[in-house]
Amino acid sequence: MRVSDAIVAFLVGAAFGQTSHVRRIETLIAPVRDIFAAVFCSAIGSQTDPRLVVSVVESVPSPVITVLEWTTSWVNSLLNADSEIEWTYLE
């Protein structure tokens with residue numbers, strides 16, 4: 001049976017995640033996990049074509065501005081809701 005290494009690693013991790021050895025495994029793997037994350041990000045970054053990034057930059061500001069507007073309005077509604085509750089409580 002031919003199975004991808006990633007699938008096998010996921011299944012082994014899921015199996016060990018259900019045992020009583022989880023804390024020990026996490027302690028042993030934590031330093032190596034950070035190294036693998038750095039290597040993964042470096043590998044993906046080195047495979048990215050800079051021309052592709054430049055072509056996508058034009059479409060980035062619109063979603064970013066939208067998310068910032070949503071976040072700002074959400075925070076403002078939370079702040080206003082708290083102040084209304086305080087004023088109602090104090091009256």
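Visitor: In what order do the elements of the chain run from the N terminus on?

Guide: In this predicted model, the chain contains four helices and zero strands. Read from the N terminus on, the order of its elements is α-α-α-α.

Visitor: What percentage of the residues of the chain count as buried?

Guide: To count as buried, a residue must have under 20% relative accessible area. The chain exposes about 8,600 Å², and carbon and sulfur atoms supply 68% of that area. Of the 91 residues, the share that count as buried is 0%.

Visitor: How far apart are the end C-alpha atoms of α1, and why does that agree with its number of residues?

Guide: α1 has 12 residues, and at 1.5 Å a residue these should span 16 Å. The expected span uses one less than the number of residues. The value agrees because the end C-alpha atoms of α1 are 16 Å apart.

Visitor: Which residue has a side-chain oxygen that reaches the backbone nitrogen of A6?

Guide: This contact lies at the start of α1. The oxygen comes to within 3.2 Å of that nitrogen, and it belongs to S4.

Visitor: Which element gives the most to the lining of the largest pocket?

Guide: The largest pocket has a volume of about 170 Å³. V12, G13, F16, G17, V22, I25, E26 and I29 line this pocket, and they divide into five nonpolar, two polar and one charged. The elements that give two or more residues are α1 (5–16) and α2 (22–47). With four residues, the element that gives the most is α2.

Definitions and conventions: Residues are numbered from 1 along each chain as its sequence is written. This is a predicted model: local features need pLDDT of at least 70, side-chain atom pairs count only at pLDDT 80 or more; totals for chains, interfaces and linings use all residues. Side-chain values use heavy atoms; hydrogens and water are left out. On a 1 Å grid over the protein atoms alone, a cavity is a set of points where a 1.4 Å probe fits but cannot get out, and a pocket is an open set with protein on both sides within 12 Å along at least five of seven lines; lining residues have an atom within 4 Å of a point. Grid points are joined across faces, edges and corners, and a volume is the space filled by probe spheres set on the points. Ala, Val, Leu, Ile, Met, Phe, Trp, Tyr, Cys and Pro count as nonpolar, Asp, Glu, Lys and Arg as charged, and the others, Gly among them, as polar. Buried means under 20% relative accessible area, exposed over 50%, partly exposed in between (1.4 Å probe, protein chains only). Accessible areas come from the Shrake-Rupley method with a 1.4 Å probe; for residues, only the protein chains shown count as cover. A polar contact is a pair of N or O atoms within 3.5 Å; within protein, one must be able to donate a hydrogen and the other to accept it, and residues adjacent in sequence count only if both atoms are side-chain atoms.
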